[in-house]
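Please keep the sequence and the model in view while reading.

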Amino acid sequence: MTSMSNVTGSAGTETAGTGVAGTAGAAPGAAAAGAAGSGEIDPAVGETGVEGSPAAPAPAAAGASASRTGPNSALDAGARDQRAAAAPLRMMAVHAHPDDESSKGAATLAKYSDEGIGVMVVSCTGGERGDVLNPKFAAAVESGAVDMPALRQREMADAASILGISHVWLGFHDSGYHEGEPDTWQLPPDSFGALDPDVEIEALVRVVRRFRPQVMTTYDENGGYPHPDHIRCHVISMAAFDAAADPARYPDAGEPWQVSKIYYNGGFSRTRLTAINEAVKSATGTGPFDEWIARIEESGRPDRSDRITTRVPVGEYLERRDAALRAHATQIDPDAHWFAVPREIEAKVWGTDDYELAESRIPVQLPEDDLFAGLRPSASVGAGSADAGSRSERESA
Ligand SMILES: [Zn+2]
């Protein structure tokens, strides 16, 4: 089993001595037995993982731009932390589980990291109750031969290296996926979704005040999809966005810091999936996402594409995104439909990561093509529609 140390620090991607994880309590290993129980269906991870199709792997990189690592990938975790912290522009992507950062906005993280922006991913939980979605690992995990929490920490460290980013574990426990309406969920009492959110908000505020990002990303009020940890991730991210700037809140958690903008990940909307699927179908005769789209329609989940405010061009970074996703080897079936999409088609049809601006403390002009629009030095060109209007406007908290 894994060591009794808390999750923070054990993957080597957190700066030591933050005290953040200490808020979470029990050790991650305690949850390992739940590894088979949850059935998470994150877009692009769970969904693709369950297919197990014999579809062809993604074609070899067609363009010269395709790369599986970036300039910061060669740095060790500590050097990436330092580099991210010292960058004048910084973003923090808050996610529920390791692998969510690679399935939701990973190409954006790689792009900004390569451009010199400080990028930090915060994983709220260790993903201890995630299902094993790669058939190649399932038997080993079921037999107890694999230390699942430790393995997921290594996977996350690999993904962070590929993306060239800094990574922090917030130190809480995966709640597991639960079917049905939220009021029927029976969450494990020690889990992220069951704890008093105040403890979790303070832990996140501490990280925000230390890293001082101008931009945060999180999930929408539905969690992107109804996993208790995703919904809780939304709740604490929005609360931390407000509280981090308020000197009266959590005075022991560092100097106040005002984050300028917070976005929801747009993820893979039905519109986006359908556009990609149709393009692949007309090129190859096969629609790799047919079943996925049908399941989304069946679920009745609303298509959120009309809420998108910001489309970040990431066509050159799809290979990096895929490489990061593959690093989460237990969570992704390498033969899944997901990887059957020729990336040059995806880049042409939908070469953006999409976001919804949830709140801003600075004036903005929508739509945007840059999460840092309005935040870049005025000399910066081509970085989106930076608002030239008054910067003195300050939203009251
Ligand atoms: Zn997740």
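A residue is called buried if 20 or more other C-beta atoms lie within 10 Å of its own, exposed if 12 or fewer do, and partly exposed in between, the C-beta atoms being placed from the backbone. The structure is a predicted model, in which local features need pLDDT of at least 70 and side-chain atom pairs count only at pLDDT 80 or more, while totals for chains, interfaces and linings use all residues. Residues are numbered from 1 along each chain as its sequence is written.

The protein holds twelve helices and seven strands. Of its 397 residues, 52% count as buried. Two residues are in contact if their C-beta atoms, placed from the backbone, lie within 7 Å. Among contacts with a separation of 6 or more, 80% come from residues 24 or more positions apart.

Strands of a sheet pair through backbone hydrogen bonds, in either a parallel or an antiparallel manner. Here two strands are taken to pair if DSSP finds at least two bridges between them. Seven strands make up an open sheet with mixed pairing, in the order β3-β2-β1-β4-β5-β7-β6. From one strand to the next, the twist averages 25°.

The partner of β3 is strand β2 (residues 118-125), which runs parallel to it and is joined to it by five bridges. Along this pairing, Val-122 has Val-168 as its bridge partner, Ser-123 stands opposite Trp-169, and Thr-125 stands opposite Phe-172. Strand β2 is itself buried in eight of its eight residues, so it is largely enclosed by the rest of the structure. Six bridges join β2 to β1, and these two strands also run parallel; in this pairing Arg-90 stands opposite Gly-118.

Helices accompany the sheet. Helix α7 (residues 197-211) lies across β1 (90-95), β2 and β3, and runs at about 160° to β3. Helix α8 (residues 228-243) packs on the sheet as well, touching β1, β2, β4 (215-218), β5 (261-265) and β7 (352-360), and its direction makes about 155° with that of β4. Such angles run from 0 to 180 degrees between N-to-C directions, the axes being lines fitted to C-alpha atoms, for helices over the stretch in contact.

Two packed helices are described by the angle between their axes and the distance between the axes. For α7 and α8 the angle is about 55°, with the axes 9 Å apart. That makes α7 oblique to α8, since angles under 35 degrees count as roughly parallel, over 145 as roughly antiparallel, 65 to 115 as roughly perpendicular and the rest as oblique. On the side of α7 the contact is made by residues including Ile-201, Leu-204 and Val-208, and on the side of α8 by residues including Val-235, Ile-236 and Ala-239.

Another helix, α11 (residues 318-327), has ten of its ten residues buried, so it is largely enclosed by the rest of the structure. Among the buried residues of α11 are Glu-319, Arg-320, Arg-321 and Asp-322. The buried residues of this helix pack against α3 (100-103), α4 (106-114), α6 (148-163) and α12 (343-350).

Some backbone details remain. Most residues other than glycine have a negative phi, and most peptide bonds are trans. Asp-99, in the loop between β1 and α3, has a positive phi near 110°. With 32 C-beta neighbours inside 10 Å, Asp-99 counts as buried. Tyr-250, in the loop between α8 and β5, has a positive phi of about 45°, and Tyr-250 is buried with 20 other C-beta atoms within 10 Å. In the segment after β7, where Pro-367 is found, the peptide bond from Leu-366 to Pro-367 is cis, with omega near 0°.

Notes
Helices (H or I, at least four residues) and strands (E, at least two) are DSSP runs, numbered from the N terminus.
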